[in-house]
Amino acid sequence: MLGAIIGDIAGSIYEFDNIKTKEFALFSPEMDYTDDSIMSLAIAQALLEHRGKGTNLSEAVTTEMQRLGRKYPYPMGAYGGRFSAWLRSDHPQPYNSFGNGSAMRVAACGFAADTLEQALEYAEISAAVTHNHPEGIKGAKAVAGCIWLALHGADKKEIKAFVEAEYYTLDRSVDEIRPVYRFNESCQGTVPQAIQAFLDATDFQDAIRTAVSLGGDSDTLACITGGIAEAFYGIPEEMAQAAKALLPEDLLTILETFEAKFQQAS
């Protein structure tokens, strides 16, 4: 799931200063992880707890998202207003969101699952603690399903067919989307575009560049694309080490523990 974090980092400085080109430095001093990475790692820790100790996944997701969200309250990009209130609540309840947060944090569900059905189940649970709107759940399931399929040998034609059969129409290339695409925080306005960026890419690095070049919610787009691209292509070692060097020790420990448990063969 490091691919999602790399995408988040690469898009971090372009979220409110969009670029429409693939020609940019993937790692610059201004770039950093954002709330996308923190919440992705919260889901990873919840799955470690669930699979390792038999905890209730929904409860573990809530606990870990609140724990890490409160520990890291002001990452680059920060949290949305309703989500910030949820993080601070003593009795957190879902608030019918269809924002793209459910899809940007879901990568671990695709990597940890034994079957496609389990990936979709994990994704729905991870989304529903906040984003229980059907579109919020739909976005998370689409991304987790793509990751699971990519990790288990599906080609791009098969991944596209899965998405179109169950979730979104993918009938425009990135080159067609880019000129008219604008900032959009909804799942339905982010997830299909991020998946298309993966489908149009030639390798992992190109996938990240392609996603950021769309403009819009750049870190979240590239976070989503990056998780799928990692499962399909793997990650160049130099990029992996550069991203890991930016993470605090506790977040890096979650990542490496998750990778050791669930991604040894990926």
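1. A word on the model: it is predicted, local features need pLDDT of at least 70, side-chain atom pairs count only at pLDDT 80 or more, and totals for chains, interfaces and linings use all residues. Residues are numbered from 1 along each chain as its sequence is written, and side-chain values use heavy atoms, with hydrogens and water left out.

2. Start with the salt bridges (a side-chain nitrogen of Lys or Arg within 4 Å of a carboxyl oxygen of Asp or Glu). The structure holds 9 of them.

3. Look at Asp206 and Lys22, whose closest N and O atoms are 2.9 Å apart in a salt bridge. Asp206 sits in helix α12 (residues 204–213) and Lys22 in the loop between α1 (2–11) and α2, 184 residues apart. Helices here are DSSP runs of H or I with at least four residues, numbered from the N terminus.

4. Are these two partners buried or exposed? Asp206 counts as buried because its relative accessibility is 13%, while Lys22, at 30%, is partly exposed. The cut-offs are under 20% relative accessible area for buried, over 50% for exposed, and partly exposed in between, using a 1.4 Å probe and protein chains only.

5. Next, find Lys244. This residue forms a salt bridge with Glu256 (4.0 Å, N to O) and another with Glu259 (3.4 Å, N to O). Shared partners join Lys244, Glu256 and Glu259 into one network. Lys244 and Glu259 are both buried, whereas Glu256 is partly exposed at 38% relative accessibility.

Notes
Helices (H or I, at least four residues) and strands (E, at least two) are DSSP runs, numbered from the N terminus.
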